[in-house]
Amino acid sequence: MTGKILVVDDDSNLLEVLGMRLESSGYEVVTALNDVNAVAALKESPFDLGIIDLQLGERDGISLMKEVHQIRPDIPVIILTAYGSIESAVEAMKNGAFSYLTKPFDPRELLLQIEKALENRKLVSEIKRLKGLLESQYEFSNIIAKSEKMKAVLGLVSRIAAADSTVYIHGESGTGKELIARAIHLASDRKDKPFVAINCAAIPETLLESELFGYEKGAFTGAMQSTKGLFTQAHKGTLFLDEIGNMPISLQKKSLRVLQERQFYPVGGNKPVEVDIRLIVATNLDLKKEAQEGRFREDLFYRVHVIPVLLPPLRERKEDIPHLVAYFLEGFNEKMKKNVKGLTPSAMQKLMLYNWPGNVRELQNTIEFAMAMTRDDVITEDLILQAGGLIQAQEKLSPLKDAKAAFEKSYLIHMLEHTRGNISKASELAGKYRADFYNLIKKYKLKPENFKD
Ligand SMILES: Nc1ncnc2c1ncn2[C@@H]1O[C@H](COP(=O)(O)OP(=O)(O)OP(=O)(O)O)[C@@H](O)[C@H]1O
Ligand SMILES: [Mg+2]
């Protein structure tokens with residue numbers, strides 16, 4: 001193992017010998033004859049280990065060790081004590097020494113202790129790293145992601161959370177864009193600072209500018225006092241611009257400038273305000289296309305399109321459905337004080353077959369409705385169908401092929417009724433050759449004789 005060791009002893013001979021020995025074992029060594037030099041060295045560069053003599057002239061080694069730990073709490077310290085002073089050895093351990101050695105010591109014993117201490121330090125920092133990882137995973141624990149597609153999204157998101165870069169979340173409505181944005185904020189260093197969300201589509205164009213940038217007293221009628229905008233409220237935190245694609249084009253220019261310069265002027269103000277924000281934007285539009293077609297500024301698109309996160313629609317990750325359902329059941333059970341255990345297989349099948357244009361939000365609403373309605377502890381198919389779009393949408397949105405077939409069949413029936421099953425007349429009316437008409441009615445299993453009276 002390698003490492004950088006600080007050795008402090010007031011005995012210059014011992015210091016020299018020790019230094020040489022440790023260097024020949026592959027360690028980098030800095031020696032200090034007194035506490036002042038030791039502290040100076042410590043402040044200058046990082047160390048992996050300290051070896052401190054208990055008696056350092058005026059200063060005792062234990063108090064120096066405490067000072068070392070104030071500067072660098074994670075450095076293990078080995079204390080060197082004089083033969084027979086067991087009490088001070090105990091004292092040293094109580095005050096946070098990693099171990100102690102009594103002089104005169106066996107050099108091999110010292111090397112062994114050093115290795116142990118360095119090994120221990122590595123372990124501690126590894127545990128710290130894992131704990132951090134666990135904590136950041138906890139931030140994502142309310143996001144269900146069992147499908148490979150969603151696992152990939154979460155993997156990406158947890159890696160980029162700590163970076164301060166702008167995140168561009170793209171996904172259909174209800175895919176969880178806001179959920180992801182909040183999770184990124186909570187997993188970042190800005191988590192204790194505000195997360196300010198603003199829906200660019202929901203605020204009227206005339207208000208958006210003052211909402212975003214604030215205004216000075218008297219900037220317009222009704223501006224009774226100056227007010228901070230959302231950009232300022234998000235200072236040191238995260239600003240989430242939701243549905244950025246719907247931001248009025250007039251405001252896009254001003255926003256771009258703010259994002260470039262990180263400062264802006266409130267409406268009616270002439271003093272610039274500086275802001276430190278992490279930006280996350282979300283859109284359900286294809287902003288690149290919007291930019292190409294002139295509805296979105298291209299320069300703003302490139303400014304915000306830094307780390308793209310694509311949220312797949314629910315129909316492309318149906319494996320997530322049962323897990324989302326279980327998650328929503330649990331949540332609504334608690335909220336509604338119910339004890340619904342699950343769905344019947346046919347109810348679940350309906351959920352799996354549907355194509356969920358409203359994505360996770362639509363699924364959540366469907367479960368909420370069914371749970372509110374049920375008097376049972378299972379949810380049945382009929383409740384799922386009543387819940388919402390499912391039946392209607394399935395009827396309305398039948399594929400073109402099916403719709404065409406349904407029309408063709410009813411058209412043929414109509415013709416056959418009209419001609420009382422006379423194929424020649426019916427084919428003539430339909431403008432078809434007799435043989436073709438015949439094939440068509442065979443396709444729909446229609447029998448001309450059934451239409452005769
Ligand atoms: N993977 C998921 N796990 C758990 N809940 C989810 C998941 N994805 C979405 N949700 C839930 O679905 C609902 C919709 O999510 P969210 O509001 O984040 O979507 P959105 O993409 O911002 O939608 P919109 O485009 O309509 O604004 C929320 O209640 C959210 O908690
Ligand atoms: Mg949203």
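Predicted model: local features only at pLDDT ≥ 70, side-chain atom pairs only at ≥ 80, totals over all residues.
Residues are numbered from 1 along each chain as its sequence is written, chains are lettered from A and ligands numbered from 1 in the order in which they are written, and side-chain values use heavy atoms, with hydrogens and water left out.

The protein is assigned domain 1 (4–127), domain 2 (148–311), domain 3 (315–396) and domain 4 (400–451), with bounds that come from an automatic or database domain assignment. Between the C-alpha centres of domain 1 and domain 3 there are 64 Å.

We can turn now to the ligand. The largest pocket is the space taken by ligand 1. Here a pocket is an open set of points, on a 1 Å grid over the protein atoms alone, where a 1.4 Å probe fits, with protein on both sides within 12 Å along at least five of seven lines; a molecule sits in a pocket if more than half of its atoms lie within 2 Å of its grid points. Helix H7 (177–186), helix H13 (320–336) and helix H15 (359–373) are the elements that give two or more residues to the shell around ligand 1; helices are DSSP runs of H or I with at least four residues, and strands are runs of E with at least two, numbered from the N terminus. Domain 2 (148–311) and domain 3 (315–396) each supply at least three residues to this shell.

Around ligand 1 there are 16 residues, of which Ile144, Gly174, Lys177, Arg361 and Gln364 come nearest (a residue is near if one of its heavy atoms lies within 4 Å). Polar contacts are pairs of N or O atoms within 3.5 Å. A polar side-chain atom of Gln364 is 2.8 Å from an oxygen atom of ligand 1. From the backbone, an N or O atom of Gly176 lies 3.1 Å from a ligand 1 oxygen, and a polar atom of Thr175 lies 3.3 Å from an oxygen of ligand 1.

Two loops deserve a look as well. Lys103 and Pro104 are joined by a cis peptide bond, with omega about -10 degrees; Pro104 belongs to the loop between strand E7 (99–102) and helix H5 (107–139). Glu243, a residue other than glycine, has a positive phi near 50 degrees, and Glu243 is placed in the loop between strand E12 (238–242) and helix H10 (249–261).

Conventions
Polar contact = N/O pair within 3.5 Å; in protein donor to acceptor, adjacent residues only side chain to side chain. 1 Å grid on protein atoms, 1.4 Å probe; cavity = no way out; pocket = protein on both sides within 12 Å on 5 of 7 lines; lining within 4 Å.
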